[in-house]
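Here's a quick walk through one protein model, starting with the whole chain and then stopping at a few spots. Have a look at the fold before reading on.

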Amino acid sequence: MAACARLCGVGQSRRCRRRQRKNQRDSDTDPELDLDEEEERIVGKMQTEGSARCTADTAASSRPGKADISMSGAVTTAGTSVNRLGFEPPNTTKPTSNTLLDLPPEILVEIFSSLPGTALPNLALVCKKFRQIMNTETIWRRRCMAEFGMCEDLRKMEVVGLSSKDLYVKCINPRVKSGRFMKLLPDYEHMDYQDVYTHLLHPNRHILGLWQPDIGPYGGLLNVVVDGFFIIGWMFLPPHDPQVDDVMRRRPLFRIHMWETSKATVECMYGHKGPHKGDIQIVKKDEFSTKCNQTDHHRMSGGRQEEFRTWLEEEWGRTLEDIFNEHMQELILMKFIYTSQYDNCLTYRRIYLPPYLPGDLLRPGLFKGTYGSHGLEIVMLSFHGRRAKGTKLTGDPNVPAGQLTLEIDLSRPIQLPEIEKQHSIEELSRLVLEVHEQVQRESNPAQSGSTEPEAEGQGEGGREENRNGLGAAPATPTTAEGAEASASPLPAPQPFVLPQGVVARNEVYPRTCRICFYGTGLIAGHGFTSPEHTPGIFILFDDNRFGFIWLELKSFSLYSRITDTLQYAEAPTLEAFEEMLKSMQSWTS
């Protein structure tokens, strides 16, 4: 048994008969002594024979499934080793570590920083070491930057010369006097990125993006973004009429911030008395509402007259005495009465920017355009195969927001006449009405009252006029032909001038254009009564400007691209954008 213990590498066994024999008085007459000595001699002989077979053992061990005896007397079969007495030999190799716990903390910080922020709390439950590493600011700061676009480190702004006072006055609420900012600006110097992510950014992630407020026919454009340690809802307003090329104006409607640790605060920014208590409620998917809890902050000491004068100056950049058109005065007063009754208690629905596809005539996006006495309005231009659509984001009592204001047929280009003939509205009307009549014949062949040969003859006449440069291409190309035409380069610029008798809000318009197409524009009576799509001509000036001539109204609208960066506004899929367009029309129908 002693030999057994030595083979095992664990020392003498407690039940070893040799130890028991020492405790016996008659150890000299123990018959088992000779047996133990015989076992020791056998083991020694086995070790001697094993050393002689060292070479053979090495060769045999490389063959799987073959048994062999090692130097220590162990039998090896298929990668396992046991000795003759049934015990495994001791493992003398030092175990290697393959766990995350043995990695340096800086490596774990890099690994954890690449994980989604929602997975980090569960990771902190693994062990104490992980929980301590999760308190590292670097991890949560990187998650705030990667998932929500937060700035690098707002605490460094003091070093680069931007004080907290300037941050508030310039970015948050410019109307509040600088002496009051200390009472209104949270102390972001002592904020923790983990608290900001956990209690501010992640719970309010569903309201980030582009939204359209439900303000009756007027609509609007709201962009909710992460701005420093704030979530701010910026309302984008068109420039003052008729300066269509000016930059957009924006005004904060609400903000969410960390006023206290582990608690986010909602504040209404409407009015002229600074931020005050507000509330935000997510109604359902892609829809939320805001509520002001202190509407007295929206009132002014001079009453409704002072509020109207202030609103008029901000909205139109002028006073009521400067507006001589009585109809325009009525429209302005109507809009003030209608919009001011909401007191910033509004419902918002999510919208997306139109996706850009190869072959589009120009890059789709948002444009600001002139609409007569209604002022400037925001229109979304999108492309759908051989058609382009202009959807209103802001509207008026005649054609409300969400409606399709323009529809352009990209398969029907119109060749403008010489510059001398462009002054005649009759000549331009003739070109457009010819295409309009052909479209009606193709859409209602049974009502046209003409036979097929006559239609073919009219088509030939139309093609003849095209060769003379006075008409539009009547033939409708196939889908492949339309895609090829859209992908082809635009023709060289040609002179353009508005016909006499066409009214334009802005006399400054481009004098050259690239290409023109037949299209229709939506007009209606007050209250969106008797809507009708009337023919017109779409004029593409350049990549950032286009125009539309409303033949029936004898009016010209100029559109200029909105170049502001709108965050979280991309459509997840093309189907989601198409579904959004359909829903927009039902919101105000």
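What percentage of the 589 residues in the protein chain is buried? The share is 43%, where buried means under 20% relative accessible area, exposed means over 50%, and partly exposed lies in between, with a 1.4 Å probe and protein chains only.

A word on the ground rules. This is a predicted model, where local features need pLDDT of at least 70 and side-chain atom pairs count only at pLDDT 80 or more, while totals for chains, interfaces and linings use all residues. Residues are numbered from 1 along each chain as its sequence is written, and side-chain values use heavy atoms, with hydrogens and water left out.

**The whole chain**

The protein chain has 19 helices and 22 strands; these are DSSP runs numbered from the N terminus, with helices being H or I of at least four residues and strands being E of at least two. Take the contacts (heavy atoms within 4.5 Å) between residues at least 6 apart in sequence: 58% of them join residues at least 24 apart. The chain exposes about 31,500 Å², with carbon and sulfur atoms supplying 52% of that; the areas come from the Shrake-Rupley method with a 1.4 Å probe, and for residues only the protein chains shown count as cover.

**Helix H8 and its partner H12**

Helix H8 covers residues 137-148. Its twelve residues reach 16 Å from first C-alpha to last, close to the 16 Å expected at 1.5 Å a residue; that expected span is 1.5 Å times one less than the number of residues. Ile139, Trp140, Arg141, Arg143, Cys144 and Phe148 are the buried ones in H8, and they pack against helices H5, H6, H7 and H12 plus strand S5. Just after H8, glycine 149 takes a positive phi of about 70°.

How do H8 and H12 cross, and at what angle? The axes of H8 and H12 (residues 193-201) come within 7 Å and cross at roughly 40°. That makes H8 oblique to H12: under 35 degrees counts as roughly parallel, over 145 as roughly antiparallel, 65 to 115 as roughly perpendicular, and the rest as oblique. Axes here are lines fitted to C-alpha atoms, for helices over the stretch in contact, and angles run from 0 to 180 degrees between N-to-C directions. On the H8 side the contact includes Trp140, Arg143 and Cys144, and on the H12 side Tyr193, Tyr197 and Leu201 are among the residues involved.

**Helix H15**

Helix H15 (residues 425-443) has 19 residues and reaches 27 Å from its first C-alpha to its last, close to the 27 Å expected at 1.5 Å a residue. Its buried residues include Ile425, Leu428, Leu431, Val432 and Val435, along with Glu427 and His436. The buried residues of H15 pack against strands S15, S19, S20 and S21.

Most residues other than glycine have a negative phi, and most peptide bonds are trans. Here are two residues to check against that.

| Residue | Phi | Relative accessibility |
|---|---|---|
| Asparagine 344 | about 65° | 7%, buried |
| Serine 530 | about 50° | 63%, exposed |

Asparagine 344 is in the loop between helix H14 and strand S11, whereas serine 530 is found in strand S20. There's also a cis peptide bond, joining aspartate 241 and proline 242, with omega about 5°. Proline 242 is in the loop between strands S6 and S7.

The C-alpha atoms of arginine 505 and proline 242 are separated by 6.2 Å, although the two are 263 residues apart along the chain. Arginine 505 is found in the loop between strands S17 and S18 and, at 32% relative accessibility, counts as partly exposed. Leaving out residues up to four places away in sequence, arginine 505 touches Asp241, Pro242, Met328, Thr370, Gly372 and Phe556.

Histidine 297 is in the loop between strand S10 and helix H13. Is histidine 297 buried or exposed? At 18% relative accessibility, histidine 297 counts as buried. Not counting residues up to four places away in sequence, it touches Gly271, His272, Lys273, Gly274 and His276.

Serine 560 is found in strand S22 and is buried, with a relative accessible area of 7%. Its contacts beyond four places in sequence include Val244, Asp245, Phe367 and Arg545.
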